[in-house]
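Hi,

Here is the structure I promised to pass on to you.

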Amino acid sequence: MIDENEIIDAEVISETLSETPKSEAPKKVHTDDHSGPIDFYGKWSLRLLRFGRIGLFVFTIMGFAFSILFSQGSLLVHLVLLLIGWSMSALSLFALILGYVFLRRKIFHMKQDPNYEHLFE
């Protein structure tokens, strides 16, 4: 039970709100923010993987088609298109590999950022 000697009666006469001075600038809090690298690697991995997947399929088909056409008759146009198809196929493969490397870098930075720790629990 409550002892009656410990009870204090108080009456509020006036109220004032303490205002913060407007001259104070908000303090910057340093956090482990990795949003810059996450955005960079995420954007480029998406672009490279998109080009790599579609380009590898299309340009490989193009390379095969013009390889067959060039083997049937030696036209210079077929040779040029054969070289373009296979070189673009190699470039698409390089973009695909680089896209996966950038995706791994994005995941690495996401694991270090506290905003994404719920994804890796």
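Below is what I found, starting with the whole chain and then going to single residues.

First, a caution: this is a predicted model. The chain has 2 helices and 0 strands. Of its 121 residues, 21% count as buried. The chain exposes about 10,400 Å², and carbon and sulfur atoms supply 63% of that area. If you take the contacts with a separation of 6 or more, 72% of them are between residues 24 or more positions apart.

Now the helices. H1 covers residues 35–72, and H2 covers residues 76–112. H2 has 37 residues and reaches 54 Å from its first C-alpha to its last, close to the 54 Å expected at 1.5 Å a residue. What do the buried residues of H2 pack against? They pack against H1. Among these buried residues are Leu82, Gly85, Ser89, Ser92, Leu96 and Gly99.

Leaving out residues up to four places away in sequence, His78 touches Phe66, Leu69, Phe70 and Gly73.

Next, the rings. The structure holds 4 aromatic pairs. In one of them, Tyr41 and Phe102 have their ring centres 5.3 Å apart and their planes at 65 degrees, so the pair is edge-to-face. Tyr41 sits in H1 and Phe102 in H2, so this pair ties together parts that are 61 residues apart in sequence. Tyr41 is buried, at 17% relative accessible area, and Phe102 is buried at 17% too. Another edge-to-face pair is Phe64 with Trp86, at 5.1 Å centre to centre and 85 degrees between the planes. Phe64 lies in H1 and Trp86 in H2, so here the parts tied together are 22 residues apart in sequence.

Finally, the surface. Ile54, Phe57, Val58 and Ile61 make a nonpolar patch of about 410 Å². Ile61 belongs to H1 and is partly exposed, with a relative accessible area of 47%.

Cheers

Definitions and conventions: Residues numbered from 1 in each chain as written. Predicted model: local features only at pLDDT ≥ 70, side-chain atom pairs only at ≥ 80, totals over all residues. Heavy atoms only, no water. Patch = residues over 30% accessible without salt bridge, like charges linked within 9 Å, V, L, I, M, F, W, Y side chains within 5 Å. Areas by Shrake-Rupley, 256 points an atom, 1.4 Å probe, with all protein chains shown as cover. Salt bridge = Lys/Arg side-chain N within 4 Å of Asp/Glu carboxyl O. Helix = DSSP H or I, 4+ residues; strand = E, 2+ residues; numbered from the N terminus. Buried < 20%, exposed > 50% of the residue type's maximum accessible area, 1.4 Å probe, protein only. Expected span 1.5 Å × (residues − 1). Contact = heavy atoms within 4.5 Å. Phe/Tyr/Trp six-rings, centres within 6.5 Å; stacked < 30°, edge-to-face > 60°.
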